[in-house]
Amino acid sequence: PEIEPESGVEPKTFSEDIPETSSFVESCDDEWVGLDGVCYGMFDRLAAISQYEATSDCETQGGQLARVTSQQIQNLILSNFIWVSEYGPWIAGMDEAVEGEWRYDEDELLTYTNWFLNQPDNAGGNEDCIHLYTSSGQWGDYMCEPLVWMAGVQTYVCEKPMTIADDIPETLSPEMEPEIE
């Protein structure tokens, strides 16, 4: 049997118990920089690594290889990290499945590109991954294997969602309470 509410009393809903405004803070871990809800971090290895290994490392950081989808993201990356070589980091994107069809993954085509002059060129018939030239800020295609000219250091940029936390003010400790005269 259904229970009827008392006459003249409106039943409360859960949403009435939630304050109308909540304040949240988005943030990135130390050494990461943020833009539009995404954190970007630069990592390096003391050995040349493939784009696949860089992708795997980003996943262990809770993210993925950075998807440079706008000039704004490109500028953020170039201006916030120190590069060890002109031949910069791995970034997301490959045309391994279909030559000339650059994708972030099997479902998503690149929506923004910033290729260096005469790039991508698929030199040697096996350049399927993207790295960033740090001197120009533009991209080059390269084989997905380790960038062997890197003198033992390889960099890559990861991205992950910003951490979201409630912005709840801390209560005052007794030492911080104002004196009342």
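Me: How many salt bridges does the count come to?

Reply: The model is a predicted one, and the count comes to 4 salt bridges. One of them joins D29 and K160, with the closest N and O atoms 2.6 Å apart. D29 lies in the loop between strand 1 and strand 2 and K160 in strand 10, so this pair ties together parts that are 131 residues apart in sequence.

Me: Is K160 buried or exposed?

Reply: Buried means under 20% relative accessible area. K160 has 14% and is therefore buried, whereas D29, at 37%, is partly exposed. The charged end of K160 also sits over the ring of W32, 4.4 Å from the ring centre.

Me: Which residues do salt bridges with shared partners join into one network?

Reply: R67 forms a salt bridge with E108, at 2.4 Å between the closest N and O atoms. Through these shared partners, R67, D105 and E108 are joined into one network. The bridge between R67 and D105 spans 2.9 Å, N to O.

Me: How is a pair of aromatic rings described?

Reply: Such a pair is described by the distance of the centres and the angle of the planes. The whole structure holds 6 aromatic pairs. Among them, W32 and F43 are edge-to-face, 5.4 Å centre to centre with 65° between the planes. W32 belongs to strand 2 and F43 to strand 3, so the pair ties together parts 11 residues apart in sequence. Both W32 and F43 are buried.

Key: Residues numbered from 1 in each chain as written. Predicted model: local features only at pLDDT ≥ 70, side-chain atom pairs only at ≥ 80, totals over all residues. Heavy atoms only, no water. Phe/Tyr/Trp six-rings, centres within 6.5 Å; stacked < 30°, edge-to-face > 60°. Helix = DSSP H or I, 4+ residues; strand = E, 2+ residues; numbered from the N terminus. Buried < 20%, exposed > 50% of the residue type's maximum accessible area, 1.4 Å probe, protein only. Lys NZ or Arg CZ within 6 Å of the ring centre and 35° of its normal. Salt bridge = Lys/Arg side-chain N within 4 Å of Asp/Glu carboxyl O.
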